[in-house]
Amino acid sequence: MRIAIVNWSRRRAGGVETYLSSIIPELLQYGHSVGFMYEIDEPANRERIKLSHDSPSWCVSTQGLDQALAKLRDWQPDLIYTHLLLGDPELEVRILEIAPAVLFGHTYYPGMCISGTKTFRNPTVTPCTRRFGWQCLLHYYPHRCGGLSPVTMLKLYGRQSKRFKLLSKYRAIITHSHHMRFEYIKHGIKPERVHEIPYYIQSKNAKALIGPQPATCAPQDESPLSVQTPSVKEEDLPAWRLLFLGRMELLKGGLVFLDSLPQVADYLDRPLHIILAGDGNDRKSWERKAKRLEASHRKIKIQFAGWTHSAQIDSLLTSCDLLVVPSLWPEPFGQVGPEAGHYGVPAAAFAVGGISNWLTNGINGHLAPGDPATSTGLAGAIIECLRDPAHYARLRQGSIELARRFDLSEHLRALLPILKDAARREQ
């Protein structure tokens, strides 16, 4: 088949582009031809997704919409494989006229939320369970679903309304979590056209399953936040190394994570070394909170690592003890979790969105209640992961075993029949 992949960027800007970087060589290996259409060639400081020497690409921002679409049409694709589009819906309208199409629903774009976050921010941050429609306009300001500009609100609503109508034109919609499949069905897509398939997470070499031992263990039938552990000599204990990896913004929950640390340190009676890797609009407020915590809690040390490249991420995951995913919004999937699992790193996270597709409570980590999401709840999940050495060792083993489920061969085995079936011209 000739498969035209369509995405907002050809740069490795996030999880969607990481997925495409892995899947394109496999499609070529299976004998398919691949073209790539993208809205913009940004961010300039990120690596480009590699194509074969004979794979054409078309950039809408440099070639212009009409010319790029003309070149795509001349290439005569058998199938359009759409991913994340963020610009003018006219591109999506017109590519759907060229060939049969399949959408991979990585996020709440297209057409399921004005802001794309599916989250109320006021009075507290909580996942939104509403179906997209004009009534969302009534909630946008009271619940602070997005910014404060009415012009932006109406522009985004108009864009998502157009995209919502386009969902029915896809021959199939693919998702990577139970949560996202439910969202599409809730929004009127027939269940037989929405496919949840195993996601692909690039495998890593897991580190040896010999973890640091906590100083004390609370009885297993008692709450981790209500039991006082005996004191031990702090100098005899290595620090627990906790890692956050992602964008630094409100809905990623960094401030809630920081708020949880005193409870964790006090209960475990052990030093904590926290690494926050990433960047974003809220980094400065996170840094201020971190300085106050360090000043008032001598057991807590916090390091900001900034944006990290692949080799740096490998190093961080190799050396950490626990991944913390404090996302407050309903993550469509959260691939950082199984990525860490390949290293034998368990996770603590809020039970929101698609997180439960890869985090099984007590098997490869622990879940905290997500509605509402609280620092106390997150502290409890972190403590449950770390307080008992035997349980922690089982979590490490479980994280490797569960990560192996997100295998490329299983992904392709589910994906390719859907693409081939959709490419048939008959409705």
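View 1. The chain has 14 helices and 15 strands, taken as DSSP runs numbered from the N terminus (helices H or I, at least four residues; strands E, at least two). Its C-alpha trace spans about 70 × 50 × 40 Å along the principal axes. Of the 427 residues, 55% are buried, that is, under 20% relative accessible area with a 1.4 Å probe, protein chains only.

**View 2. Pairing of β10 with β11.** Strand β10 (residues 240-245) pairs with β11 in the parallel sense over 6 bridges; pairing requires at least two DSSP bridges between the strands. L242 has I274 of β11 as its bridge partner. Together with helix α8 (residues 254-268), these strands make a right-handed β-α-β unit, right-handed denoting a clockwise path from the first strand over the helix to the second when the strands point away from the viewer.

**View 3. Pairing of β11 with β12.** Strand β12 (residues 300-306) and β11 are parallel, paired over 6 bridges, and I302 of β12 is the bridge partner of I274. Helix α9 (residues 283-296) carries the chain from β11 to β12 in a right-handed β-α-β crossover.

**Notes.** Residues are numbered from 1 along each chain as its sequence is written, and side-chain values use heavy atoms, without hydrogens and water. In this predicted model, local features need pLDDT of at least 70 and side-chain atom pairs count only at pLDDT 80 or more, whereas totals for chains, interfaces and linings use all residues.

Definitions and conventions
Buried < 20%, exposed > 50% of the residue type's maximum accessible area, 1.4 Å probe, protein only.
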